[in-house]
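Subject: Structure handover

Hi,

Here is the model I promised to pass on.

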Amino acid sequence: MRVRTLVVVLAGSLGLAGLVWYGFSATADRSVRLYQADAQGMALIPTSRTLRLPAGREDWARAVFHSLKTFDGAGVSPIPSGVDLLAVRYNEPQWDVQLRVAAPLGSTAERLLLGAVVRTLLENTPGASRVQIALQNAQGQPYASQHVDLTAPLTLADVANQLPAHAAPGPIKGQFWWPNPAGDSLIPVQTDLLSETGTAPRDALAQLLRGPGREASAFLAPLRSRAEDLRWGSLRDGTVQLECGESFSGPTLRTIEVRAVVLTLTEFPDVQRVAFTRNQSPVGGKAGPYDLSRPLTRADVQDAPGAPAASP
């Protein structure tokens with residue numbers, strides 16, 4: 001009798017363990033933020049996709065790497081065909097990634113590869129802050145990067161799209177969202193914030209409206225709006241109020257312009273919302289899916305179309 005009871009308990013335990021494992025390893029439709037390269041192969045563009053992905057972190061990371069490598073979106077895959085994922089492991093707050101590189105990569109290709117891997121892993125993993133990457137050559141020997149220091153883990157700041165400032169650098173960095181030349185995607189670019197007024201978000205708005213500069217014209221375009229279209233009003237209780245000119249409305253107002261302004265200003269921790277006003281009242285109406293009768297948050301415009309990416 002005891003033996004039979006033990007067998008039943010053991011079978012039940014094994015069955016429960018199987019159900020737990022099945023639930024942990026089961027695949028499901030999950031939203032994930034991926035990074036693709038722009039058509040010129042010079043910068044990384046964020047995009048959100050819903051993919052069939054497993055729940056386990058390492059399995060999730062392998063599936064996401066495969067999606068990056070076989071990217072079928074409007075951009076270009078940042079993973080060269082000769083690069084394979086050998087191993088991946090996560091111990092909070094660090095991912096450890098081992099890649100095999102079949103042939104030496106140029107500086108731009110290597111920068112895009114490492115940037116896409118680091119940004120995708122960190123931006124989709126709560127609590128993760130760094131990625132340690134080790135490279136191997138085709139013979140399985142350690143491969144020393146010729147362009148990036150991989151002796152220490154990489155952070156988001158290490159792999160940001162970089163752009164020289166137009167003038168003498170300010171004391172802090174800003175991340176600006178400018179369109180690509182086709183005007184159908186926004187590219188986040190980190191550059192020196194030029195201090196003019198002493199209010200960082202106000203300075204960022206002015207710099208955003210001036211445009212990325214001639215040196216970046218191959219992969220970035222300026223906004224159509226200018227300083228007379230959007231004037232700084234105030235920053236109170238986390239809300240930036242922008243006074244809109246007559247041209248900043250109706251058919252001249254593009255969805256991408258609203259996204260660029262909101263994303264750039266909400267990079268700053270003291271800005272949670274952006275209100276578009278005229279004579280200190282909401283301009284009303286819509287810019288694409290965005291209701292301008294109320295202040296917009298970063299979550300409102302984070303991805304177009306769709307909601308912000310969820311984490312595994």
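Is N279 buried or exposed? At 66% relative accessibility, N279 counts as exposed, where buried means under 20% relative accessible area, exposed over 50% and partly exposed in between (1.4 Å probe, protein chains only).

Before going on, some housekeeping. This is a predicted model, so local features need pLDDT of at least 70 and side-chain atom pairs count only at pLDDT 80 or more, while totals for chains, interfaces and linings use all residues. Residues are numbered from 1 along each chain as its sequence is written, and side-chain values use heavy atoms, with hydrogens and water left out.

Overall picture

The protein has six helices and 14 strands; these are DSSP runs numbered from the N terminus (helices H or I, at least four residues; strands E, at least two). Of its 312 residues, 43% are buried. Taking contacts (heavy atoms within 4.5 Å) with a separation of 6 or more, 61% are between residues 24 or more positions apart.

N279 has a phi near 55°, a positive value in a residue other than glycine, and sits in the loop between β10 (273–278) and β11 (281–282). D237 also has a positive phi, near 50°, and belongs to the loop between β8 (230–236) and β9 (239–244). With 74% relative accessibility, D237 counts as exposed. There is also a cis peptide bond between E92 and P93, with omega about 10°; P93 lies in the loop between β3 and β4 (94–101).

Aromatics

Three aromatic pairs turn up (Phe, Tyr and Trp rings, the six-membered one for Trp, with centres within 6.5 Å; planes under 30 degrees apart are stacked, over 60 edge-to-face, the rest tilted). One of them is Y90 with W95, tilted at 4.8 Å centre to centre and 40° between the planes. Both of these residues are buried, and together with W60 they form one aromatic cluster.

The structure holds two cavities of 30 Å³ or more. On a 1 Å grid over the protein atoms alone, a cavity is a set of points where a 1.4 Å probe fits but cannot get out, a pocket is an open set with protein on both sides within 12 Å along at least five of seven lines, and lining residues have an atom within 4 Å of a point. Points are joined across faces, edges and corners, and a volume is the space filled by probe spheres set on them.

The largest cavity has about 80 Å³ of space. Its lining gets two or more residues each from α2 (57–69), β3 (83–91) and α3 (107–123), with α2 giving the most, four. By class that lining has nine nonpolar, one polar and no charged residues (Ala, Val, Leu, Ile, Met, Phe, Trp, Tyr, Cys and Pro are nonpolar; Asp, Glu, Lys and Arg charged; the others, Gly among them, polar).

The second largest cavity has about 40 Å³, and its lining includes Y35, R119 and Q175. The second largest pocket has a volume of about 150 Å³, with R111, H147 and D158 among its lining residues; the lining divides into five nonpolar, four polar and two charged.

Cheers
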